[in-house]
Amino acid sequence: MAKLWYLGHSTFYLEGEGLKALIDPFLTGNPWGIAKPEDFTDLNYIFVTHGHGDHLGDAVEIAKRTGATIVSIFEVAQYCQFKGANVHAMHIGGTYNFPFGRVKLVPAAHGSSVIEGDRVVTLGSPCGIVVEVEGKNVYHAGDTGLIADMELLGKYENIYVALLPIGGNFTMDIRDAAIAAELIKPALAIPMHFKTWPIIDAEPEDFKALAEARGVNVQILNPGDELEF
Ligand code: NI
Ligand code: MN
């Protein structure tokens, strides 16, 4: 069995055969307060969808302390390597077979940057990440608007769990996330990136109703909840 632990916002811990990973490890300053960076001492991978602080988060500190490898888009990986982390750089459309399974970076419609002093440093394209764990594909959409590329995931990528932002303003809202779910056709869709701040105050129950009307099974995880699959 693989295990997915929701740490609030877009942060997840994913564990399975050969894999102990964080995805978008925003822990310091995460208003949900489910876990702290120091709670993670035994990790081998950290997946990062883009450079924004609520996604890159504590990745560099955790990677340096645990020895975990940061897997991300080339520009984000290079930034993390300059800060002293072990990295594996990939790019959009690229697939690599890691010892635990296959990872593919897929498009996301968003931005990617970090703030250094009073400068905004752009870090290439954002991405979504498909991670194979125990033979099942987990798609973390990162931050994204609704894009037609999601239809390709539904047709060719056999997504088991889709983690989809629903909060609106910066990403898909519940309507667009329900359409995304219809395109991606996962066995299970899980909403994320909602209610962390008032500006992304979406109701996951409303998303569930809209997505289920489009034929997609939805499970709402409350921050702190675990799912085995
Ligand atoms: Ni973002
Ligand atoms: Mn975000």
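**Close-up views of a predicted model**

Just after helix H5, Lys 185 takes a positive phi of about 55 degrees. Helices (H or I, at least four residues) and strands (E, at least two) are DSSP runs, numbered from the N terminus. This is a predicted model, in which local features need pLDDT of at least 70 and side-chain atom pairs count only at pLDDT 80 or more, while totals for chains, interfaces and linings use all residues. Residues are numbered from 1 along each chain as its sequence is written, chains are lettered from A and ligands numbered from 1 in the order in which they are written, and side-chain values use heavy atoms, with hydrogens and water left out.

**View 1. The protein chain as a whole.** The chain holds six helices and 15 strands. Its C-alpha trace spans about 45 × 40 × 30 Å along the principal axes. Buried residues make up 54% of the 229. Buried means under 20% relative accessible area, exposed over 50%, partly exposed in between (1.4 Å probe, protein chains only). Of the contacts (heavy atoms within 4.5 Å) between residues at least 6 apart in sequence, 60% join residues at least 24 apart.

**View 2. Helix H5 and its packing.** H5 covers residues 174-184, and its buried residues are Ala 177, Ala 178, Ile 179, Ala 180, Ala 181 and Ile 184. They pack against strands S12 (136-140), S13 (159-165) and S14 (188-192), and against helices H4 and H6 (204-213). Ala 181 counts as buried because its relative accessibility is 0%. Beyond its neighbours within four places in sequence, Ala 181 is in contact with Leu 164, Pro 186, Ala 189, Ala 211 and Val 216. Ala 141 lies 40 residues from Ala 181 along the chain, with 11 Å between their C-alpha atoms.

**View 3. Strands S1, S2 and S3.** S1 (residues 3-6) pairs with S2 in the antiparallel sense over four bridges. S2 also pairs with S3 (residues 19-23), again antiparallel, over five bridges. Strands pair if DSSP finds at least two bridges between them. Glu 15 of S2 is the bridge partner of Lys 3; in S3, the partner of Glu 15 is Lys 20. Four of the five residues of S2 (residues 12-16) are buried, so the strand is largely enclosed by the rest of the structure.

**View 4. Two hairpin turns.** The hairpin of S1 and S2 has five residues between the strands, and Gly 8 there takes a positive phi near 90 degrees. The hairpin of S2 and S3 has two, and Gly 18 takes a positive phi near 80 degrees.

**View 5. Ser 10 in its loop.** Ser 10 sits between S1 and S2. Its relative accessible area is 0%, so Ser 10 is buried. Leaving aside neighbours within four places in sequence, Ser 10 is in contact with Ile 23, Asp 24, His 55, His 140, Met 192 and His 193.

**View 6. The largest pocket.** Its lining has 13 residues, with Val 106, Pro 107, Asp 149, Leu 152 and Leu 153 nearest the centre. S8 (101-107) and H4 (150-156) each supply at least two lining residues.

Methods:
On a 1 Å grid over the protein atoms alone, a cavity is a set of points where a 1.4 Å probe fits but cannot get out, and a pocket is an open set with protein on both sides within 12 Å along at least five of seven lines; lining residues have an atom within 4 Å of a point.
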